[in-house]
Every structure is written in structure tokens, then in C-alpha cells.
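I opened a notebook for this chain. Below I set down what I looked up, entry by entry.

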Amino acid sequence: MTPDDLAHLRRARDTIDREYTRPLDVLALARVALMSPSHFARQFRTAYGETPYGYLMTRRIERSMALLRRGDMSVTDVCMAVGCTSLGSFSSRFKEIVGETPSAYRARTHEDASRVPSCVTKANRRPSRFGEAAARSGA
């Protein structure tokens, strides 16, 4: 992979990070990366270890965790606020990544996080699809 390819992939990843609430698909992201959709999907997975859609959903779940910790929004409102259109799919993906349902996560106390610097909290609570949720929850 060339340095130019990596720069183009970073541009697409930054687009996901910034615009996760918008409907983003591989075709639109491939345009940002100046690549064909199939080449973009393969290169993105090689560079970042997950598909563009997987990365997008991880960012959405990460943001939804912050909104749910606040406790002032319903799970449905959070689902829509982060760009998901299906509550069922959102809840399934949330449980897969975080290890508990959005409702259970919202109901749990999160006071311990307020005493820890936000940079540490973000690093330790960043959702991942690679099994960390099961390891953290003891499953």
C-alpha cells in the first residue's frame, strides 16, 4: 500500500469520524478515498482491521455510549441521533460490541467515569468488535 493510498484512506476514515450521523455507504466513502468501491473496501480492511461499515458502526456505538451515560435520552432517541435507522439492528450491534443492551447500559450507574480523566475513559471504554466486551464483562 502506498503512502498516497494511506492518505486517501485516512481521509475516508476522518469522514466517518466526523459525519457518522449521515447515511454513509461504501460508494460514497470510496469517492472520498478516490478509489473504486471494491478496492477501497479491501484496502480499508487491510489498513484498519475492519470493514468501513464495521468502523462506522463502532463510531456510532461509541457516541451512543456517551449519550446513554448522560441519561437524558431514550434508547430510541440515541439510536436516531447517531445515524442508525433501525432500533433492532442498533440494539443488536450495541450488545455485540459493548456486551450489554443499550437499556441496561443506560440504567447502570456511570459515576465512576466522572472521576477519571476523559482521555483515560475514552481509551478504556472505546467499543471494539474484536471480543473485548466479552473479556470485560467476564463472559
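I start with a term: buried means under 20% relative accessible area, exposed means over 50%, and partly exposed lies in between, with a 1.4 Å probe and protein chains only. The model is predicted, so local features need pLDDT of at least 70 and side-chain atom pairs count only at pLDDT 80 or more, while totals for chains, interfaces and linings use all residues. Residues are numbered from 1 along each chain as its sequence is written, and side-chain values use heavy atoms, with hydrogens and water left out.

**Entry: the chain as a whole**

I looked up the elements. The chain has 10 helices and 0 strands. Helices (H or I, at least four residues) and strands (E, at least two) are DSSP runs, numbered from the N terminus. Read from the N terminus, the order is α-α-α-α-α-α-α-α-α-α. I then checked burial. The chain has 139 residues, and 37% of them count as buried. Next came contacts, meaning heavy atoms within 4.5 Å. I took those between residues at least 6 apart in sequence, and 59% of them join residues at least 24 apart.

I searched the whole structure for aromatic pairs and found 5. Rings of Phe, Tyr and Trp (its six-membered ring) pair if their centres lie within 6.5 Å; planes under 30 degrees apart count as stacked, over 60 as edge-to-face and the rest as tilted. How far apart are the ring centres of Phe90 and Phe94? They are 5.9 Å apart, and the planes stand at 50°, so this pair is tilted. Both residues lie in helix α6 (residues 87-98). They are 4 residues apart, about one turn of the helix. Phe90 is buried at 1% relative accessible area. Phe94 is buried too, at 0%.

Phe94 also pairs with Tyr105: the centres are 5.6 Å apart and the planes are at 65°, so I noted this pair as edge-to-face. Phe94 is in α6 and Tyr105 is in helix α7 (residues 102-107), so the pair ties together parts 11 residues apart in sequence. Tyr105 is buried, with a relative accessible area of 2%.

**Entry: a ring cluster and a charge**

I followed the ring pairs elsewhere. They link Phe40, Phe44, Tyr48 and Tyr55 into a cluster. What sits over the ring of Tyr55? I found the charged end of Arg59 there, 4.7 Å from the ring centre. A charge sits over a ring if NZ of Lys or CZ of Arg is within 6 Å of the ring centre and within 35 degrees of the ring normal.

**Entry: α1 against α4**

Tyr55 and Arg59 turned up again here. In α1, Arg13, Ile16 and Asp17 meet Pro52, Tyr55, Leu56 and Arg59 in α4. The axes of helix α1 (residues 3-18) and helix α4 (residues 52-70) come within 9 Å and cross at roughly 35°. Axes are lines fitted to C-alpha atoms, for helices over the stretch in contact, and angles run from 0 to 180 degrees between N-to-C directions. The crossing is right-handed. A crossing is left-handed if the near helix is turned anticlockwise from the far one by less than a right angle, and right-handed if clockwise.

I also looked at Glu62, which is in α4. Glu62 is buried at 16% relative accessibility. From Glu62 to Val82 is 20 residues in sequence and 9.4 Å in space, C-alpha to C-alpha.

**Entry: Gln43**

Gln43 is part of helix α3 (residues 37-48). Is Gln43 buried or exposed? It is buried, with a relative accessible area of 14%. I set aside its neighbours within four places in sequence and listed the contacts of Gln43: Met1, Asp5, Leu9 and Met35.

**Entry: cysteines**

I searched the whole structure for disulfides, pairs of cysteine sulfur atoms within 2.5 Å. The count is 0. Cys79 is buried at 0% relative accessible area. Cys84 is buried at 7%.

**Entry: Leu34**

I checked the backbone last. Most residues other than glycine have a negative phi. Leu34 has a positive phi, near 60°. Leu34 is in the loop between α2 (26-32) and α3. Leu34 is exposed, at 59% relative accessible area.
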